[in-house]
Amino acid sequence: MEMLQTDIAVVGAGPIGLELAVALKRHGFDYLHFDARQIGYTVSWFAPFTRFFSSNERIAIAGVPLHTPDQSKASREEYLNYLRGVVELFDLQINTYEPVTGIKREGDGFLLTTNPAAGPRVCRARRVVLVTGGTDHPRRLNIPGEDLPHVSHYFQDPHPYFRKQLLVVGGKNSAVEAALRCHHAGAHVSLSYRGSELSAKSIKYWLLPEINGLIESGRIPAYFNTVPTRITPTEITLNPSTQTIPVDFVLLLIGYAQDNKLLRLAGVDLGGENEAPVFDERTMETNIPGLYVAGTAVGGTQDKYRIFIENCHVHVDRILAALTGEKPPAAPEPIARPES
Ligand SMILES: Cc1cc2nc3c(=O)[nH]c(=O)nc-3n(C[C@H](O)[C@H](O)[C@H](O)COP(=O)(O)OP(=O)(O)OC[C@H]3O[C@@H](n4cnc5c(N)ncnc54)[C@H](O)[C@@H]3O)c2cc1C
């Protein structure tokens with residue numbers, strides 16, 4: 001088996017993993033970088049043309065300005081384009097489509113196992129940074145019919161739902177955005193949400209008045225305080241009333257969960273209901289010496305999203321300070337409103 005050797009292994013090439021890679025390269029560190037998929041994978045599965053709610057300056061990385069043609073918040077396409085540009089600008093070498101599947105302590109470092117298409121490799125690293133994100137798997141309802149072909153946990157394109165009965169399940173940003181886009185694309189959309197109303201805190205401020213207006217006018221029927229219990233090829237049953245609704249398609253947009261297998265394998269302590277890794281706020285080092293976490297991975301499975309790209313930039317500075325032995329940077333001012 002091929003054996004790789006490095007000082008620092010970086011796992012994950014989302015925005016924060018890339019920002020860390022630029023910092024390591026600028027400081028002349030010997031590092032190897034892996035991603036299970038393509039760079040920016042988490043952003044790539046947003047629906048086409050989805051816009052970030054964060055301002056461009058807050059999701060820009062490595063000091064490279066992010067501009068959009070009309071100064072609006074970046075879309076999925078514009079941000080992926082930007083990330084590719086950052087990789088080219090700094091000529092970052094990333095082993096993409098190479099998942100890290102194993103990690104164990106060896107001597108004063110770590111032994112990682114990776115699994116690219118060409119066959120497994122082993123990487124010996126003195127230190128490891130896990131920048132693996134927190135949205136690996138969709139949350140499931142675990143109800144009969146959830147895996148039928150007309151049911152999806154990802155919203156990818158409104159077109160398949162044109163003139164079809166679509167039930168969107170969920171009441172936060174992803175669900176509301178999908179419901180609106182599919183409605184405008186000519187689908188007959190209805191919404192099921194376990195809450196009693198849509199919360200302004202969980203939905204982009206420019207979407208809320210529109211969805212509320214469409215619900216109030218009955219153009220998007222909303223079933224509040226309901227939970228799906230069974231899906232058949234033609235119907236969905238909602239509790240507590242056990243009413244059945246005819247459907248052609250169902251979108252289950254109820255959030256995403258972290259895959260914390262690597263953290264567990266490495267022996268990192270996980271805490272709280274989010275099962276978030278425990279780490280030193282000044283250095284980002286976990287209870288395992290030499291093993292650091294950064295980016296949204298630090299939040300575990302976030303029910304209410306509080307950790308975004310914009311409040312993770314400081315993780316890079318902290319790790320860099322820890323690696324170079326410099327004083328850790330001061331904690332940044334809390335962000336009043338992410339969208340400002
Ligand atoms: C619709 C939508 C809108 C959003 N809008 C915003 C917004 O406006 N502002 C904002 O800040 N955030 C937003 N987010 C969240 C945003 O996507 C994340 O904040 C961001 O991607 C986190 O960056 P990251 O680098 O921490 O992790 P990620 O981007 O999740 O990157 C993690 C990377 O690790 C890789 N990986 C995971 N496990 C392994 C493994 N075992 N081996 C190798 N590689 C691995 C993954 O393939 C992935 O590329 C949004 C998310 C969605 C779904």
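Mentor: Two strands pair if DSSP finds at least two bridges between them. Strands (E, at least two residues) and helices (H or I, at least four residues) are DSSP runs, numbered from the N terminus. The model is predicted, so local features need pLDDT of at least 70 and side-chain atom pairs count only at pLDDT 80 or more, whereas totals for chains, interfaces and linings use all residues. Residues are numbered from 1 along each chain as its sequence is written, and side-chain values use heavy atoms, with hydrogens and water left out.

Trainee: Which residue in β9 stands opposite V168?

Mentor: Strand β8 (residues 165–169) runs parallel to strand β9 (residues 188–193), and 5 bridges join them. Opposite V168, strand β9 places L191.

Trainee: Which strands stand at the edges of this sheet?

Mentor: The sheet is open and has 5 strands in the order β7-β14-β8-β9-β10, with parallel pairing. An edge strand has a single partner, so one side of it is left without a neighbour in the sheet. The strands at the edges are β7 (151–152) and β10 (222–224).

Trainee: Where is the cis peptide bond?

Mentor: Most peptide bonds are trans. In this model, the loop between β12 (235–239) and β13 (243–246) contains P240. With omega about 10°, the cis bond joins N239 and P240.

Trainee: Is A62 buried or exposed?

Mentor: Most residues other than glycine have a negative phi. A62, in the loop between α3 (56–59) and α4 (76–89), has a positive phi near 55°. Buried means under 20% relative accessible area, exposed over 50%, and partly exposed in between (1.4 Å probe, protein chains only). The relative accessible area of A62 is 9%, so A62 is buried.

Trainee: What is the relative accessibility of Y97?

Mentor: Y97 is not a glycine, yet its phi is positive, about 55°. This residue lies in the loop between α4 and β3 (100–106). Y97 counts as partly exposed because its relative accessibility is 48%.

Trainee: How many residues surround the ligand?

Mentor: A residue is counted if one of its heavy atoms lies within 4 Å of the molecule. The closest are D35, T42, F53, S54 and T296, and the total is 29 residues.

Trainee: How much of the area that the ligand exposes when taken alone does the protein bury?

Mentor: Polar contacts (pairs of N or O atoms within 3.5 Å) include one between a polar side-chain atom of T42 and a ligand oxygen, at 2.6 Å. A polar backbone atom of I16 is 3.0 Å from an oxygen atom of the ligand, and a backbone N or O atom of V100 is 2.9 Å from a nitrogen atom of the ligand. Accessible areas come from the Shrake-Rupley method with a 1.4 Å probe. The ligand alone exposes 980 Å², of which the protein buries 88%.

Trainee: Which element gives the most to the shell around the ligand?

Mentor: Two elements give two or more residues to this shell, namely α1 (15–26) and α2 (41–44). With 3 residues, the element that gives the most is α1.

Trainee: How many residues apart in sequence are the parts that R58 and E310 tie together?

Mentor: A salt bridge is a side-chain nitrogen of Lys or Arg within 4 Å of a carboxyl oxygen of Asp or Glu. R58 and E310 form one, with their closest N and O atoms 3.5 Å apart. R58 lies in helix α3 and E310 in the loop between β18 (291–293) and α8 (313–324), so the parts tied together are apart in sequence by 252 residues.

Trainee: How many residues apart are E106 and R124?

Mentor: The closest N and O atoms of this salt bridge are 2.8 Å apart. E106 lies in strand β3 and R124 in strand β5 (residues 121–130), and the separation is 18 residues.

Trainee: How many salt bridges does the structure hold?

Mentor: Side chains of opposite charge can pair when their charged atoms come close. Among the pairs here is D303 with K172, at 4.0 Å from N to O, while E2, E98 and R121 are linked in a network of salt bridges. The number of salt bridges in the structure is 17.

Notes. Polar contact = N/O pair within 3.5 Å; in protein donor to acceptor, adjacent residues only side chain to side chain.
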